[in-house]
Amino acid sequence: ESPKDNTEEKLQKICALLDQEISYFNWTGFYFKNGDKEELILGPYVGAPTDHTIIPYGKGICGQVAVSNETFVVPDVHEQDNYLSCSIDTKAEIVVPIMKDGQNLGQIDIDSHKVDPFTDEDREMLEWLCAEVAKIM
Ligand code: SME
């Protein structure tokens with residue numbers, strides 16, 4: 001058994017924990033680079049099912065982070081032109097890349113039903129978390 005075999009399980013638990021602990025995290029999930037393709041594929045998540053199981057690089061908030069390698073905080077999704085709507089309830093979004101050895105492996109994506117809910121502490125916590133996730137990938 002390889003040590004990476006239970007990574008999916010761990011990521012699922014991380015989603016469940018964040019969803020449970022932070023009231024304004026209303027959809028929490030991971031996207032990962034789909035092999036050699038310039039697209040993201042949906043990984044473990046907690047929240048309403050989404051149509052966006054595959055996202056081309058550059059499209060939406062997630063696709064932009066796949067190319068920018070930078071955290072993207074969106075206080076109000078209605079002000080974004082390049083945005084993929086998953087739910088009409090979503091008001092805000094934060095996407096943090098998972099970087100390992102200079103490569104962008106994927107990201108954590110969180111949607112909120114509240115406008116402008118994400119604090120600097122949320123951002124720092126999620127950036128720390130993504131650095132930890134990179135270590136088990
Ligand atoms: N809103 C994202 C798409 C993913 S869903 O939020 C789960 C985007 O614009 O990339």
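**Reading the sheet, the core and the ligand shell**

Analyst: Helices (H or I, at least four residues) and strands (E, at least two) are DSSP runs, numbered from the N terminus, and two strands pair if DSSP finds at least two bridges between them. The model is a predicted one, in which local features need pLDDT of at least 70 and side-chain atom pairs count only at pLDDT 80 or more, while totals for chains, interfaces and linings use all residues. Residues are numbered from 1 along each chain as its sequence is written.

User: Which strands form the sheet, and in what order do they stand?

Analyst: Six strands make up an open sheet with antiparallel pairing, and their order is β3-β2-β1-β6-β5-β4. The edges are taken by β3 (54-56) and β4 (72-74), each with a single partner strand, so one side of each has no neighbour in the sheet. From one strand to the next the twist averages 25°, where axes are lines fitted to C-alpha atoms, for helices over the stretch in contact, and angles run from 0 to 180 degrees between N-to-C directions.

User: What should I look for where a strand turns into its partner?

Analyst: Look at the residues between the strands and at their phi angles. The hairpin of β1 and β2 has five residues between the strands, and Gly-35 in the turn has a positive phi of about 60°. The hairpin of β5 and β6 has two residues between the strands, and Asp-101 takes a positive phi near 50°.

User: Where do α1 and α2 lie against the strands?

Analyst: Helix α1 (residues 7-21) lies across β1 (27-33) and β2, at about 60° to β2. Helix α2 lies across β1, β2, β3, β4, β5 (92-100) and β6, at about 30° to β5. After α2 comes Asn-69, whose phi is positive, near 60°.

User: How do I tell what is buried or exposed?

Analyst: Count neighbours: a residue is buried if 20 or more other C-beta atoms lie within 10 Å of its own, exposed if 12 or fewer, and partly exposed in between, with C-beta atoms placed from the backbone. Five of the seven residues of β1 are buried, so β1 is largely enclosed by the rest of the structure, and β6 is mostly covered, with seven of its ten residues buried. In α2, the buried residues are Gly-60, Ile-61, Cys-62, Gly-63, Val-65 and Ala-66. By contrast, Glu-127, in helix α3, counts as partly exposed because it has 15 C-beta neighbours inside 10 Å.

User: Which residues have the most contacts inside the largest nonpolar core?

Analyst: A nonpolar core is a set of buried Ala, Val, Leu, Ile, Met, Phe, Trp, Tyr and Cys residues joined through C-beta atoms within 7 Å. The largest one here has 26 residues, and those with the most contacts inside it are Cys-62, Ile-94, Val-95, Val-96, Ile-108 and Cys-130. At least two residues each come from α1, β1, β2, α2, β5, β6 and α3 (120-135), and β5 gives the most, with five. Contact between two residues means that their C-beta atoms, placed from the backbone, lie within 7 Å. Leaving aside neighbours within four places in sequence, Cys-62 is in contact with residues including Tyr-31, Leu-40 and Val-95.

User: Which residues come nearest to the ligand?

Analyst: A residue is near a molecule if its C-beta atom, placed from the backbone, lies within 6 Å of it. Of the 14 residues around the ligand, Gly-60, Ile-61, Cys-62, Leu-84 and Cys-86 come nearest. The elements that give two or more residues to this shell are α2 (60-68) and β6 (103-112), and the largest share, four residues, comes from α2.
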